[in-house]
Amino acid sequence: GLVPTMGFLHEGHTSLMQRAGKENDKTIATIFVNPLQFAEGEDLSSYPQNLEKDISECEAIGIDLLFAPSSEEMYSQPILTSVQIDQLMNSVEGASRPTHFSGVATVVAKLFNIVGPCNAYFGEKDWQQLQVISTMVRDLSFRVKVLGCPTVRQSDGLALSSRNAYLSLEERKAATALSRSLQSASENVQAGETSAAVIKSQIIDEITDEALVTLDYVEIVEGSSLIRIDQISEGARILIAAKVGKARLIDNADPYFGIK
């Protein structure tokens with residue numbers, strides 16, 4: 001079982017590790033803040049890190065092997081190869097962060113080749129990332145099974161994220177607008193509303209009512225292809241990104257199940 005992370009572990013990460021431990025004979029975790037997935041001006045230099053605490057967490061869970069390389073070890077020479085997944089990389093989050101998913105796919109491909117055949121566990125909070133990696137594995141015949149795991153949330157609905165560490169108490173409260181809007185949208189869909197435009201408008205109105213939240217996008221897509229849809233049906237996904245203070249947060253939901 002393989003659990004790739006960028007460290008600063010929270011309960012979302014540890015839930016992946018615990019599941020991997022139950023379903024596999026051996027479990028490997030990786031911690032690597034991957035420079036390829038950060039564009040100029042993003043938070044690479046300030047991304048929260050606490051390797052000593054992360055090591056203790058992994059030991060407590062029973063991880064068999066922790067791989068925490070330096071950038072120099074992962075990229076000992078300038079990397080000339082990158083992984084591109086057409087269609088999935090350029091929309092939604094990829095439209096806001098054009099180089100992000102190529103960096104993600106490239107480092108994950110390296111990790112898969114380093115580790116070898118495995119079951120790999122990823123959180124559904126990064127829904128687009130999950131689709132990108134699943135498609136890469138299928139298209140390039142990696143001997144890897146990709147397993148998506150439910151988003152772990154705090155009691156007020158906020159999805160766990162290492163970037164939540166950036167939030168002040170006031171911003172932390174405001175950030176719940178993302179999960180609240182997703183839940184409200186899901187309830188409206190379950191009540192019979194299937195117009196993507198109507199649901200999107202409702203989410204925008206709810207989030208823009210929160211002064212400390214700056215919305216980046218709301219998209220309603222077919223879940224695996226990430227193609228925008230006009231009518232919501234089973235298999236749809238609502239994806240959101242917003243800035244709260246210095247933190248850029250993402251969240252998503254299946255409109256027929258809500259945030260759970």
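Q: Which residues of the largest nonpolar core touch the most other members?
A: The structure is a predicted model. Its largest nonpolar core holds 35 residues. Those that touch the most other members are Ile85, Val108, Phe112, Phe122, Ile133, Met136 and Val144.

Q: Which element gives the largest share of this core?
A: The elements that give two or more residues to the core are helices H5 (100-115) and H6 (127-140) together with strands E4 (118-123), E5 (144-149), E6 (213-222) and E7 (236-244). The largest share amounts to eight residues, and the element that gives it is H5.

Q: With which residues is phenylalanine 112 in contact, leaving aside its neighbours within four places in sequence?
A: Phe112 is one of the core residues that touch the most other members. Once the neighbours within four places in sequence are left aside, its contacts are Leu2, Ala120, Phe122, Ile133, Met136, Val137, Phe142 and Val144.

Q: How many residues does the second, separate core have?
A: Apart from the core described above, there is a second, separate one. Its members include Leu167, Leu182, Ala236 and Ala253, and its residues number 31.

Q: How many charged residues does the contact of H5 with H6 have?
A: On the H5 side are Phe101, Val104, Ala105, Val108, Ala109 and Phe112, which meet Gln128, Gln129, Val132, Ile133, Met136 and Val137 of H6. By class, ten of the residues are nonpolar and two are polar, and the number of charged residues is none.

Q: Is H8 roughly parallel or antiparallel to H9?
A: The axes of H8 (residues 176-190) and H9 (residues 196-208) come within 9 Å, with a crossing angle of roughly 150°. Angles over 145 degrees count as roughly antiparallel. H8 is therefore, relative to H9, roughly antiparallel.

Q: How many charged residues does the contact of H8 with H9 have?
A: H8 contributes Ala177, Leu178, Arg180, Ser181, Ser184, Ala185, Asn188 and Val189, while H9 contributes Ile199, Gln202, Ile203, Glu206 and Ile207. By class, seven residues are nonpolar and four are polar, and the number of charged residues is two.

Q: Is H1 roughly parallel or antiparallel to H2?
A: The axes of H1 (residues 11-23) and H2 (residues 51-61) come within 10 Å and cross at roughly 30°. Angles under 35 degrees count as roughly parallel. The orientation of H1 to H2 is therefore roughly parallel.

Conventions
Residues numbered from 1 in each chain as written. Predicted model: local features only at pLDDT ≥ 70, side-chain atom pairs only at ≥ 80, totals over all residues. Heavy atoms only, no water. Core = buried A, V, L, I, M, F, W, Y, C linked by side-chain atoms within 4.5 Å. Buried < 20%, exposed > 50% of the residue type's maximum accessible area, 1.4 Å probe, protein only. Helix = DSSP H or I, 4+ residues; strand = E, 2+ residues; numbered from the N terminus. Contact = heavy atoms within 4.5 Å. Axes fitted to C-alpha atoms, helices over the stretch in contact; angles between N-to-C directions. Parallel < 35°, antiparallel > 145°, perpendicular 65-115°, else oblique. Nonpolar A, V, L, I, M, F, W, Y, C, P; charged D, E, K, R; others polar.
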